[in-house]
Amino acid sequence: MMTSFNAGMQSEKIAVIALVVIIVGALSAYSLATYGEDIFDNLFGENGETEPGAIALGDCADVNYIGRHASDGMIFDSSYEDAENKIGGTPLQMFISINSSETPPKYGYMGIIEGLAEGLVGLKENDTVTIGPISPEKAYGAKKLGIGDTFSTINLALEMNQTVQVIDLTSDFIGLKWINVETLGKFTMPQMILKNLSSMDQNEMIIFPPPYSIWENSTETINITDETVTVKTTPTASENLSETLEPIQYSITDVMFIFPDATTATWNETTITITSSPEIGKSYPYSQDTGYGYAMNMTFTVEAIVNDTINVSVMYEDSEEKMYQEVNSTLEFDRIFTMPRVYNNIPLMYQEYLFAEDLQREGYSLHELAGESLIFEVEIVKVYKTSQEES
């Protein structure tokens with residue numbers, strides 16, 4: 001059995017190369033031209049519902065399929081062991097949705113491309129139909145990313161917008177070069193930079209620059225080569241460096257706190273020194289966004305200061321247990337810093353995680369079927385009305 005499409009189906013679950021979600025009221029004239037005027041009836045029925053037993057958005061189904069290139073009819077994948085004779089194999093467990101971020105309600109079922117999902121809606125068990133041609137925009141993207149293409153991302157130097165050009169591309173790795181360096185002007189330094197994602201050593205994978213990011217728009221380029229960008233930071237404030245407690249990570253293991261009322265900065269032509277002198281016993285609230293729709297609230301309290309070390313306790317909201325951490329009270333670092341300009345050998349798993357939204361926004365795709373119009377011959381084996389189940 002061919003596997004490229006099946007593997008592609010599985011990748012839909014994590015929404016790596018996701019296509020734009022279609023809103024009911026915004027179905028375009030392009031969709032009408034592609035699928036015919038009855039697309040609304042297929043998707044939503046005459047009264048906004050499918051017939052009893054028919055596939056609706058949110059359902060799961062076991063489906064046999066043969067995927068063909070619309071251009072020449074060549075088979076690129078199939079659930080059958082013998083696609084030509086439609087014999088053997090195992091139906092694919094499909095989740096019927098046009099929302100790539102929606103989680104399948106049944107274990108083992110996976111999201112599918114938008115155009116196929118639209119074509120399956122309204123079908124019943126034992127139906128055998130041909131769906132398509134499905135346009136590249138509703139399949140795996142209109143343009144396959146290639147060497148020389150450019151896109152913007154904030155995920156290589158965290159939260160810093162970089163325009164990058166593809167300088168190397170294989171089935172396993174991508175190489176990128178930062179190309180809009182000359183137009184930067186003054187900018188805010190990122191707190192983290194990805195360096196070598198093909199390394200297993202965390203110190204090689206990630207760079208934590210010194211805390212230049214304390215001072216917004218205070219860094220500028222002083223030298224640009226083919227491989228690196230050298231920058232220099234000029235602080236804009238010596239006191240009141242942050243309005244709230246701000247943990248600053250400057251290596252894999254080292255953290256310093258910027259206290260809102262007790263951290264100062266001094267500098268000369270070559271170095272910057274940050275010094276914290278908080279009051280013993282003083283507490284500082286801190287809230288950290290978890291990225292899962294809620295914040296983690298905690299309170300840091302200064303317990304002791306010994307030489308250059310501050311001992312702080314941390315207590316999480318709704319907990320009476322204290323944990324302790326030691327942080328440096330002083331940090332000295334160079335005003336000049338060298339950033340990488342070339343990002344080589346970024347593995348496939350990171351490409352998908354880091355750049356999916358960037359590539360989608362600019363019309364690119366990493367999928368091998370990008371740019372292709374597709375046709376599917378399908379047989380509906382079993383329908384599960386998960387759209388009607390209570391969550």
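Reader: Is F259 buried or exposed?
Author: F259 is buried, at 2% relative accessible area; buried means under 20%, exposed over 50% and partly exposed in between, with a 1.4 Å probe and protein chains only. Keep in mind that this is a predicted model, where local features need pLDDT of at least 70, side-chain atom pairs count only at pLDDT 80 or more, and totals for chains, interfaces and linings use all residues. Residues are numbered from 1 along each chain as its sequence is written, and side-chain values use heavy atoms, with hydrogens and water left out.

Reader: OK. How many aromatic pairs are there in the whole structure?
Author: The search finds nine. Phe, Tyr and Trp rings (the six-membered one for Trp) pair if their centres lie within 6.5 Å; planes under 30 degrees apart are stacked, over 60 edge-to-face, the rest tilted. Take F151 and F355: their ring centres are 5.5 Å apart and the planes are at 65°, so that pair is edge-to-face.

Reader: Where do F151 and F355 sit in the chain?
Author: F151 is in strand β7 (residues 150-153) and F355 in helix α6 (residues 348-361), so to speak distant parts of the chain, 204 residues apart. Helices (H or I, at least four residues) and strands (E, at least two) are DSSP runs numbered from the N terminus. Both F151 and F355 are buried.

Reader: And which cluster do ring pairs make with F259?
Author: Ring pairs link F259 with F257, Y284, Y286 and F300. F257 is buried too, with a relative accessible area of 2%.

Reader: Switching topic: what does the E377 side chain make a polar contact with?
Author: The side chain of R68, at 2.7 Å. A polar contact is a pair of N or O atoms within 3.5 Å; within protein, one must be able to donate a hydrogen and the other to accept it, and residues adjacent in sequence count only if both atoms are side-chain atoms. E377 itself is in strand β26 (residues 374-384).

Reader: How far apart are I113 and I96 in space?
Author: They are 9.1 Å apart, C-alpha to C-alpha, and 17 residues apart in sequence.
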